[in-house]
Amino acid sequence: MTDKEQRQSAKKFSEYWKGRGYEKGESQPFWLSLLREVFGVEEPEKFISFEDRVFLDHTSFIDGYIKDTKVLIEQKGLNKDLRAPIKQSDGSYLTPFQQAKRYVTELPVSQHPRWIVTCNFEEFNIYDMEQPMGKPEILLLKNLDKEYYRLQFLVDVKSDSIQKEMDISFQAGDLVGILYDEILEQYKDKESEETLKSLNELCVRLVFCLYAEDSGVFGKRNMFHDYLKKVADKDIDDVRDALVSLFKVLDTKVEDRDPYLKEDLAQFPYVNGGLFANEDIIVPRFNEKIVDILLNKASLDFDWSNISPTIFGAVFESTLNQETRRKGGMHYTSIENIHKVIDPLFLDDLKEELQSILELKVLKTKMAKLDAFQDKLSKLKFLDPACGSGNFLTETYISLRRLENEVIMQKVALDRQQVTGQIQMGYAGLNPIKVSISQFYGIEVNDFAVTVGKTALWIAESQMMKETEEIIHMSLDFLPLKTNAYITEGNALRLDWGDIVPVSELSYIMGNPPFVGIRHSDEKTHRNDLKQVVSVIKNSGVLDYVTGWYIKATELMTQNVDIETAFVSTNSIVQGEQACRLWKYIIDEKNMKINFAYQTFKWSSEAREKAVVHCVIVAFSRKKAKVCKLYSANKMLTKCDNINEYLLPMNNLWLSKRRNPICDVPIMQKGCYPTDGGNYIFTKEQMIEFIGKEPKSEKYFRRWIGSEDMINRKERYILFLKDCPPEEINKMPFVKERVKNVIETRSKSTKEGTRKKAYTPLVLDEERIPTTEFLVMPVVSSSNRRYIPIDYKTPPDICYASCFFVENADLYLFGILMSNVHNAWMRLVCGRWKSDYRYSNTLAYNNFPMCNPTDEQRKEIEKTAQHILDARAMYPNSTLADLYNDVTMPAELRKAHLLNDRAVMLAYGFSIKDTTEESCVAELMKMYQNLTDK
């Protein structure tokens, strides 16, 4: 079905269902019709199931479930509010989404949905369960003809061809791993760098030979196998020498070879490209087991011609990388995720341009345009400055060549119509291919990954040449290798990228630079690397390692306005202080624009041991796009005029740390740092044991509250000696010993300030002690919670630095801070610790714009805040972690929060029905700007 046909079908569907929507009688026809007529599912009755049973405290039924794409549907009748709580049979109030989530808890893990869709016949609310606290994407039935693609996930089952390529590539990786382990045992010095480098290069050569014989690159199938088998049948010990001889022949031009070379060696073609050039590689002796694996499992029993070079390059490199092998896993980029970068960066536009050419009616004009388009493809140049094993470069090359093959096919068809007579006999024997791997540049610090990346591109080149041969019906010579990818070994943050690729010719910079937070970076390498780059930004100490690539790319784009960049990064660069530091430099100072972006999503590799990182994709350049495109985690598209530093469709807001609140609210302080070497902090059991030995110490113990203590109701205590007279300490030898230990700990500190505090060991390192009832805000809290759980505590309790506290915090302030309005602001401006929220008093609290409620509104917020505390008190044995789990939250507490949210939103003047989290923070940003403009 073409786009035009699908649009027409969607329009027809929406017109038919306009104003219809009886939940019980029309739900199934609605979904069956949508799948069949709009998305082309031939037998939707087999694709979607209805009324599947789930057992809660009663029997319930799931309205719809699509097994293949893991979509759960909760259908409501026409005009039902999809975001309003509905009373359930057990008396609780749940929104349709919460109702669906409750069903999920009773399903086997294998059936947990990736997507939940709530629908009322005129509106679809789409929830991505990889973003469980995220706002829903909303699609209106009346807009279906324009936005039908937003429901594509309903039917997007991974294609059989991609799955087959993945399976073959994994099997190939397993074979390489087995070979690697067996060959390693034959080396005399297994741990030396020379051995490991030789083994890596040997494996690359063997894989190339295995691929070359299966794909016909060597001329005939099983050529490599038959050569080695003939030697092995005579004497296994001769296999090593046979390989060494073969490698030398593959690196020698035919005209330069020994004219008396044996035929079984002379038949192999000249490869070129440097793959077999290193004569210093150490090749150990092969035993029977290795030869059997190589000749049977890896050669006869396996077809290498169908591997995906995009996937396999990374699998191969990870399989043979010592660090990833030791960790038992690997991380690389899936084809799907690569296309999230390259499609909106350039591929979508190229496809659209080609489509417009194909619609031309004048044949000579069409031929001229096809020629020009092919020339354009051949002049594009790409740089991946952290290319690893080259999967971005490889997939981009394959995508460009497929476009070129479409061009060649169209030109052949036109030639048959005798438009120009140009293409007869394949350009009279000339190669019609213009796109080359020499258009691709990379930088990679790992020498082995560089070799693998080049090999993957050669394999891709071979595969795409085969596709071209099928179009022009003639053979093309792949060997000797005539082109080379320019992948440079080196540290990208210390190299001048302009020395790698001509800046004036460069088109696109892309890739996924290292996922390393600055707090986890190695002091001697990553910090020093980054320091060379980020010195252009003030207060750059908060920036993660990956920001170095953004700044280096910006340097190139200031030299060539036509360059565009798109990187995958951890989402930390668009959160907290980093968002302002990095993007203020790039956008404000260097005049760049964010042209498209993907909001936070889980970047999971296709490896069996999946590495999952929360990432964003950001594309920027000096050329502002006519329309900025913002994709949510589930590919839903929002078109807008500007994408700001938080990846929201609104103006830029350069939020900075503020020492004091922007509004008239009490100060929020951080808890204490004891710097005690663990000598003053006790569990309850440890405290009881200590008091047993030192009874006089009991009155100096206070409750010690950190984030985990508060949320999970753990009891810890601190020995607080500030008010303990010296003579009493002298009477408590066990206490005195602890004090001595603290003195020693602080004296050995690398910080001068801490060493000075060794002279005052009875005082905590950073001491902020509340004297009245106080509100506690955990610094770190799970992102799976809709609300950060905060609570009241009383002296003599003391907060650890993993919490903030506010003295004299009345119920009104508690209600505001617990509301979805404040939590939406927190999710926007705060950073993350891994995927958890990391609250900041200087960024979130001090910059938060408070509302100006009427007396009545203020009283209502105080009332609903008290309801929250009362609802918690009904479950004295439950922790805050239990109470704020979105699945196990009690009905009373959920209702109290909904009422509090409503009261706060009304006080801010926000629409209860229409306000989304995005529109909420947009209004808060406007309020913030008004406050700061005064």
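**Strand pairing and charged contacts in a predicted model**

In strand β28, the residue that bridges to Ser781 is Tyr837. Good morning, colleagues. The structure before you is a predicted model, in which local features need pLDDT of at least 70 and side-chain atom pairs count only at pLDDT 80 or more, while totals for chains, interfaces and linings use all residues. Residues are numbered from 1 along each chain as its sequence is written, and side-chain values use heavy atoms, with hydrogens and water left out.

Let me stay with the opening pair. Strands here are DSSP runs of E with at least two residues, helices are runs of H or I with at least four residues, and both are numbered from the N terminus. Two strands are said to pair if DSSP finds at least two bridges between them. Strand β23 and strand β28 (residues 836-838) are joined by two bridges and run antiparallel. They belong to an open sheet of three strands, ordered β23-β28-β27, with antiparallel pairing. Its edge strands are β23 (780-781) and β27 (831-833), each of which pairs on one side only.

A second open sheet has four strands in the order β19-β21-β20-β25, and here the pairing is mixed. At its edges are β19 (681-683) and β25 (798-799), each pairing on one side only. Strand β20 (residues 701-705) runs parallel to β25, and two bridges join them. Within that pair, Trp704 has Ile798 of β25 as its bridge partner.

Are its faces covered or uncovered? Both are covered: Tyr508 and Met510 on one side, and Ile509 and Gly511 on the other, are all buried. Buried means under 20% relative accessible area, exposed means over 50%, and partly exposed lies in between (1.4 Å probe, protein chains only). Strand β9 (residues 382-384) pairs with β12 in the parallel sense over two bridges, and Phe382 has Tyr508 as its bridge partner in β12. Strand β13 also runs parallel to β12, joined to it by four bridges. There, Met510 is partnered by Ala566 of β13.

Four bridges connect β8 with strand β7 (residues 123-128), and the two run antiparallel. Ile138 of β8 is the bridge partner of Asn125.

Val561 counts as partly exposed because its relative accessibility is 38%.

Now to the charged contacts. How many salt bridges does a search of the whole structure find? The search finds 45, where a salt bridge is a side-chain nitrogen of Lys or Arg within 4 Å of a carboxyl oxygen of Asp or Glu. In one of them, the side chains of Lys76 and Glu74 meet at 3.0 Å, N to O, and both Lys76 and Glu74 are buried.

Another salt bridge joins the side chains of Arg402 and Glu467 (3.8 Å, N to O). Arg402 lies in helix α16 (residues 391-416) and Glu467 in helix α18 (residues 447-472), so the pair ties together parts that are 65 residues apart in sequence. Arg402 is partly exposed, with a relative accessible area of 44%, and Glu467 is also partly exposed, at 29%.

A further salt bridge is formed by the side chains of Asp886 and Arg894 (3.7 Å, N to O). Both Asp886 and Arg894 are buried. Together with Lys101, Asp886 and Arg894 are linked in a network of salt bridges.

Finally, the surface. A negative surface patch is formed by Asp189, Glu191, Glu194, Glu279 and Asp280. Patches are made of residues with over 30% relative accessible area and no salt bridge, with like charges joined within 9 Å and nonpolar side chains (Val, Leu, Ile, Met, Phe, Trp, Tyr) within 5 Å. Asp280 lies in the loop between α10 (263-266) and α11 (288-300). Asp280 is classed as exposed because its relative accessible area is 64%.

How values were computed: Areas by Shrake-Rupley, 256 points an atom, 1.4 Å probe, with all protein chains shown as cover. Lys, Arg positive; Asp, Glu negative; His and termini not counted. Charge placed at Lys NZ, Arg CZ, Asp CG, Glu CD.
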